[in-house]
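Please keep the model open while reading.

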Amino acid sequence: MKFTIETAYLQATLDSKGAELHSLYSKEHEIEYLWQGDATYWGRRSPVLFPFVGALKDNEYTYHGQTYPMSQHGFARDMEFEVYEQSSDAMTFVLKSNQETREVYPFDFELYLSYQLGGDGLSVTYKVVNPSDEQMFFSIGGHPAFNVPLEKDLTFEDYYLKSSPMKSRIMIPLKGRYIDVENRTLGQTNATIALTRDLFSNDALIYETKGLNSFSICSEKSPHSVTLSFNNLPFVGIWTPYGTDAPFVCIEPWAGIADSTDASGKLEEKFGIQTLQAQETFTTKYAITVK
C-alpha cells in the first residue's frame, strides 16, 4: 500500500512493501529526485538491505553448523511491513521476525524504518531490536537511486560526484559479486569525480567511511543537486548498472558489506558483520538533502 507524507516544500511517497521510499518530490522546484523504477535498467527505487548487504558466496551462509540460503541484499525489501506510526510529515514501518524469516535467518528481530520530512530534505532512520536472550548477527543498508540528470536538458555526463570531507578514502574493489579486501587501494575522493559510464565498469565504487560523510550529485550547469549524508556507517557504495544508459545513480550507506572473496561462509566470521547483544537496539540514520 502507498502512503504520502509532505510539507509545504517536499512530498514523499512510501510503499509498505519493503517500507520503500518511492518518490521524493520538490514542490518548490517541481523536480522528482528519486529514480522511479524501470525493469529495463533496475526496477527498484530505494530498498532497505537487511539482514545482509550484498551477495553471499554461493547465496548461503552457515550458523551453528546449519546452512541457510539467502539471496543478495536479504529479504526485507520484498516483505510487507506494518504501519507503526504516521503523521502528516513522518511515518514509521515495522517488520518482525516470523516463521518465514526464521527459515532463512534464525534470529528474532524487530526492524523499524522511519521517514521524516523537514526543511530541504528527508531523514531515514533504521532501528534493529534484538528481543531475544541471544546475540544476533546482521547487516543493514540503504540503496536509494537518484535521477541523473535531474533536468531534461542535461545529460548524465553533465554531473559529478562530490564528497565531504573532501579527502581520500580506502576503496574496496569488487571481484565478481564479492569484495577483494586484500587489494584495497586509496580512492581519490579528495577531488570531484566526473560521472561517466566507464566509472562503473567494475560495478559499484565502494569506500570505507568513518565519522560524518556526505556524497553529492551536482552539475555546473544547474543549481539543483542531491546530497546523502550519514554518520558512523562504515561503508558506502556508488552504483549504476554498467553497459546501459541508466539515468540514475545510487548512493548506498551500509552497515555491512558483501562477502569477501576468501569468506569462510560462517556468519560470525563475516567481514563487516554487525553484532547485537540480547535485548539491545541498534540505530542508525542517513539524510537526503535536495536543492
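A salt bridge here is a side-chain nitrogen of Lys or Arg within 4 Å of a carboxyl oxygen of Asp or Glu. This is a predicted model, in which local features need pLDDT of at least 70 and side-chain atom pairs count only at pLDDT 80 or more, while totals for chains, interfaces and linings use all residues. Residues are numbered from 1 along each chain as its sequence is written, and side-chain values use heavy atoms, with hydrogens and water left out.

**Salt bridges**

Side chains of opposite charge can pair when their charged atoms come close. The structure holds seven salt bridges.

| Lys-27 | Glu-6 | 2.7 Å |

Take the salt bridge between Lys-27 and Glu-6. It links distant parts of the chain, 21 residues apart: Lys-27 is in the loop between strand 3 and strand 4, and Glu-6 is in strand 1. Strands (E, at least two residues) are DSSP runs, numbered from the N terminus.

How exposed are these partners? Relative accessible area sets the class: buried is under 20%, exposed is over 50%, and partly exposed is in between (1.4 Å probe, protein chains only). Lys-27 is partly exposed at 32%. Glu-6 is partly exposed at 35%.

Arg-44 sits in the loop between strand 4 and strand 5 (48-49), and Asp-78 in the loop between strand 7 (66-69) and strand 8 (82-86), so the pair ties together parts 34 residues apart in sequence. Arg-44 is partly exposed, with a relative accessible area of 22%. For Asp-78, also partly exposed, the value is 41%.

Asp-108 is partly exposed at 28%.

Four strands form an open sheet in the order 1-2-3-4, with antiparallel pairing. Two strands pair if DSSP finds at least two bridges between them. Strand 1 (2-6) and strand 4 (31-32) are the edge strands, each pairing on one side only. Strand 2 (residues 10-15) and strand 3 (residues 20-26) pair over six bridges, in the antiparallel sense. Asp-15 has Glu-20 of strand 3 as its bridge partner.

**Two threonines**

Is Thr-92 buried or exposed? Thr-92 is buried, because its relative accessible area is 9%. It lies in strand 9 (residues 90-96). Contact means heavy atoms within 4.5 Å. Not counting residues up to four places away in sequence, Thr-92 touches Glu-82, Val-83, Tyr-84, Glu-85, Tyr-112, Leu-113 and Ser-114.

Thr-62 belongs to strand 6 (residues 60-63). Thr-62 counts as partly exposed, because its relative accessibility is 24%. Leaving aside neighbours within four places in sequence, Thr-62 is in contact with Thr-67, Gly-265, Lys-266, Leu-267 and Glu-268.

**The largest pocket**

A pocket is an open set of points on a 1 Å grid over the protein atoms alone, where a 1.4 Å probe fits, with protein on both sides within 12 Å along at least five of seven lines; lining residues have an atom within 4 Å of a point. Volume is the space filled by probe spheres set on the points, which are joined across faces, edges and corners. The largest pocket holds about 340 Å³ of space. Of its 19 lining residues, Gly-54, Gln-72, His-73, Asp-203 and Ala-204 are the closest to its centre.
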